[in-house]
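Here are a few friendly notes to read beside the model.

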Amino acid sequence: MFFERPESGEKAILVHVDLADEAKSESPQELEELAISAGADPVEYLMGSRAHPSPKFFVGSGKLDELKQLVRLHEAEVVIFNHALSPGQERNIEREIKCRVLDRTGLILDIFAQRARTHEGKLQVELAQLEHVSTRLIRGWTHLERQKGGIGLRGPGETQLETDRRLLRARIKSIHRRLDRVRKQREQGRRARQRSETPTVSLVGYTNAGKSTLFNRITAADVYAADQLFATLDPTLRRLDLADAGPVVLADTVGFIRHLPHKLVEAFRATLQETAGADLLLHVVDCFDEERHEHIEQVKDVLHEIGADEIPALQVYNKIDKLEGYQPRIDRDDEGRPIRVWLSAVSGEGIDLLTEAVNELLSDEVFHQTLQISPADGQFRSRLYALGAVLSEEFDDQGQISLEVRLQLKDFRQLLSRLSIPAERYLEATVN
């Protein structure tokens, strides 16, 4: 990948500053989880508060001196800020404390780089890294800012820094072209599913809410799932057959996080299109997390940013196994439609209720009736069996057949049309 990493965890000092602007505040605990997910070994947490960040160092002079002492005391290898730093602030802090500095965006990018598995995922991560690092190039090339000279190096006067920026721009353009092809391929797949009228259900939620564990439980897949932030990056699609709704495509997607860097949203737009093009969103929530309400709002913000905020959503309150006295259940609105399912993806409690709720939300009108057909209607009978619509079958003494069937009304209409059977023969029956 773009950055090389040490074999063992780097000693890290974490820095969090509470600012007067609460809208921009981050979670100190979340920074620690992110650092551990990246493979760092947090040895100290420096906390502080300011009305506004310092333009030069982000923190004040007193905190900067304290940070220098902590770096020397612990022989720290990296200092991680729980904030977005400007390139100038990064350079100034590094110059003062003589230690590598990483901001929140750089940390998330590093985690993404470790988690990417597919070719597409690696391209998306590299694009985000390149666009992030392009503004920070001068830090690595301060000794090469002057024009190249010497035997074999005399040229048009281009500096080393300009050369690297030019190469970066060329690489970024190349990745954009390749990701555009990926987007077109995904769009073709979505159009094919739409033509076949196969609904798509997309799992969304805050990172580490348990989406991949739930995905594995529902589909019996083997997607990587772990108790860490951003365990899943690459989208995984699986077919799922539901009793009433029929076959659907279930998509496991990247987790969201508060203030998800815009560069990542842009780079992962091809992946996030699986969410934007879904028919139903399963918004997975860690109900054991004290900040679940804030996380729900953060997910809604990202959904709005990618144009998926108007898609019907079902909240899935996961991890009830960690709550005492909670049983699986479905919460419904005033019209009786499911709005929330309480379950545990780890134990499997409530999975049947989730399937029931998804069935209800995706199903159109359902045809459920006992049909009287003759032995001459063998093709009709066999097609009903092929659709998995026959619940029971009985024969009388004259060979007449009673079939109890249940299937989507639209599927039943299509079947009658294909066999040139008059719709009024059966559709006077009650539609449930």
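1. A word on terms: two strands count as paired if DSSP finds at least two bridges between them. Strands (E, at least two residues) and helices (H or I, at least four) are DSSP runs, numbered from the N terminus. With that in hand, strand β1 (residues 11–19) pairs with β2 in the parallel sense over nine bridges. Asp41 in β2 is the bridge partner of Lys11.

2. This is a predicted model, where local features need pLDDT of at least 70, side-chain atom pairs count only at pLDDT 80 or more, and totals for chains, interfaces and linings use all residues. Residues are numbered from 1 along each chain as its sequence is written, and side-chain values use heavy atoms, with hydrogens and water left out.

3. The open sheet has four strands in the order β2-β1-β3-β4, with parallel pairing. β2 (41–50) and β4 (100–102) are at the edges with a single partner strand each, so one side of each has no neighbour in the sheet.

4. Helix α1 packs on the sheet and touches β1, β2 and β3 (78–81), where contact means heavy atoms within 4.5 Å. The direction of α1 makes about 150° with that of β2; axes are lines fitted to C-alpha atoms, for helices over the stretch in contact, and angles run from 0 to 180 degrees between N-to-C directions. Helix α2 (residues 61–74) also touches β1, β2 and β3, at about 170° to the direction of β2.

5. Do look at α1 (residues 28–37) against α4 (residues 104–115): their axes come within 9 Å and cross at roughly 40°. Among the residues that meet are Leu31 and Leu34 in α1 and Leu107 and Ile111 in α4.
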